[in-house]
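Trainee: Could you walk me through one part of this model in close detail, please? I would like to see how the pieces pack, and then how that part sits in the whole.

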2 protein chains.
Amino acid sequence: MSFDLKAYMDTRKALVDAALDRVLPPETTAPTTVHQAMRYSVLAPGKRLRPILVIAGAEAVGACADTVLDTACALELIHAYSLIHDDLPAMDDDDYRRGRLTNHKVFGEAMAILAGDALLTLAFRLVAANAAAAAEPAVVARVVGEIADAAGTDGMVGGQVVDIESEGKAISAEMLDYIHLRKTAALIRASLRVGALLVGGSPAQVEAISRAGQSLGLAFQIVDDILDVEGSLAELGKSAGSDERKQKATYPALHGLPTSKRRARELIDDTKRMLEPLGPPAEPIRALADYVLERRS
Amino acid sequence: MSFDLKAYMDTRKALVDAALDRVLPPETTAPTTVHQAMRYSVLAPGKRLRPILVIAGAEAVGACADTVLDTACALELIHAYSLIHDDLPAMDDDDYRRGRLTNHKVFGEAMAILAGDALLTLAFRLVAANAAAAAEPAVVARVVGEIADAAGTDGMVGGQVVDIESEGKAISAEMLDYIHLRKTAALIRASLRVGALLVGGSPAQVEAISRAGQSLGLAFQIVDDILDVEGSLAELGKSAGSDERKQKATYPALHGLPTSKRRARELIDDTKRMLEPLGPPAEPIRALADYVLERRS
């Protein structure tokens, strides 16, 4: 019997959505504007891929979703903050995201900046509380530190910096990998990894999951680039071809579409091979890897 | 013999400045631009009040500076990130800070936003590492969580939100206290408090230090408002009267200068009274309280 990914994603997404609603301050609590702005972006329709990966990482080493739910939410808050700031006029200047107006188009630039800052701050609060409840002392600090590393200048922020600086320039394949590994793969890798770390995965298990997460993250970004060329507004929730208009460096622009598609498939194969030592409990991650490759948005 | 505050601040500041230089990524490490932007703002001349308060909080319960140095740096990084984002065109739109061009005037808006994001991220990494080295398991999570609370929407970000929303409006004395308590006092209180928490201060000690920190933080902001009315560019590193030009709600605008000065003095007296149970080890905090009241910049 094949794994029912849709049922898996639906149940995990429901858990995550309920938890996000619980951890975000209510819209009616002062200061209301920033809480509205935070909820607007985080609770927008989304795949919840990163939080589901945190859960799948924990499940792959034999724990259940409840034990990592706060950290799963934290990863989604960090993802949401990065989108809000990336969309700002001074950055990518996007009007639409996930099919809705971007945060600053609704709440203004000042509130969008502050909402992003607040989401990043709240994320670390959630990680600390979750880690303390679930893990040994050394693990609390390790998980906070690893998420900070994945989100900082050697991770997500660093990728965004080089991405912005590379706009309109010819860049090498190495530089494009540098951007992709940091801007997207670092947080996806961290999601899987801290899920396993938090619940006491062995060093060998955590290492296997980390390597799988890195390949998965890189594949995710390449597929994103492919969809930007091929997709429609309805599928992506943003205008197709927006990377090209902004003269963003992309995998298809540098390597062509056929090579990009082949590379994405290879990376997903790598992901699944790296998960072999984990056996059946890693089945959800394998199915999620196929989903990352085949998704249309 | 009276306490030599100048010698105290000079030695602690030297420790903090050396530690900041150590924890910030080198300017030559990629991505270099954002690292330059981070260092530009953090290493600008400053009083290092918050990190010195972290140290003084630890010393007040009998520990030494070295044990809390990373967290001391973290509080300075959070302060620096908040200044970078507050100065952005979409926020307070300031060209000068601490007598130098603001971050976005030198590095551009995109890099200033990202440098702020990176500093906040790095701050939590430092707190986690420091807490893990210094403290019991439950304390790691507590310190990360308390700093996140002080920096989030019920703390610094929340104060900034209401401050921005109140520009040009008549606000009540209660609302002004709401802004001041969150925008400034929350992080100053947290600085003292986590210093004591990290090194194992007793609940009574931590409570006394927290209450002292709250009064000190409120006094700090009232004195800031007074200096904005009375100070010069040379003393403040920014234009005097800038609050008035921006139609910012300030304590002198609402209560007049004489009442503001009396209130600041009362709060400093409160601060010192709350520190009485701590005895001589709290002498540096008492001297710092006098300094906060009497400073000219």
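**A helix pair in chain B**

Mentor: Happy to! Keep in mind that this is a predicted model. Let's begin with helix 9 (residues 173-198) and helix 10 (residues 203-230) of chain B, which pack at an angle of about 145° with their axes 7 Å apart. The crossing of helix 9 of chain B past helix 10 of chain B is right-handed. On the helix 9 side of chain B, the residues that meet helix 10 include B:His180, B:Leu181, B:Thr184, B:Ile188 and B:Leu192. From helix 10 of chain B, the partners include B:Val206, B:Ile209, B:Gly213, B:Leu216, B:Gly217 and B:Phe220. Sorted by class, this contact comprises 12 nonpolar, 9 polar and 2 charged residues.

Now to the wider setting, the meeting of the two chains. Chain A and chain B each bring 42 residues to their contact. On the chain B side, helix 2 (32-42), helix 6 (109-134), helix 7 (137-151) and helix 8 (156-166) each supply at least two residues. Helix 6 of chain B gives the most, with 15 residues. The chain B side that touches chain A has 28 nonpolar, 9 polar and 5 charged residues.

Definitions and conventions: Residues numbered from 1 in each chain as written. Chains lettered and ligands numbered in written order. Predicted model: local features only at pLDDT ≥ 70, side-chain atom pairs only at ≥ 80, totals over all residues. Contact = placed C-beta atoms within 7 Å. Helix = DSSP H or I, 4+ residues; strand = E, 2+ residues; numbered from the N terminus. Nonpolar A, V, L, I, M, F, W, Y, C, P; charged D, E, K, R; others polar. Axes fitted to C-alpha atoms, helices over the stretch in contact; angles between N-to-C directions. Left-handed = near helix turned anticlockwise from the far one by under 90°.
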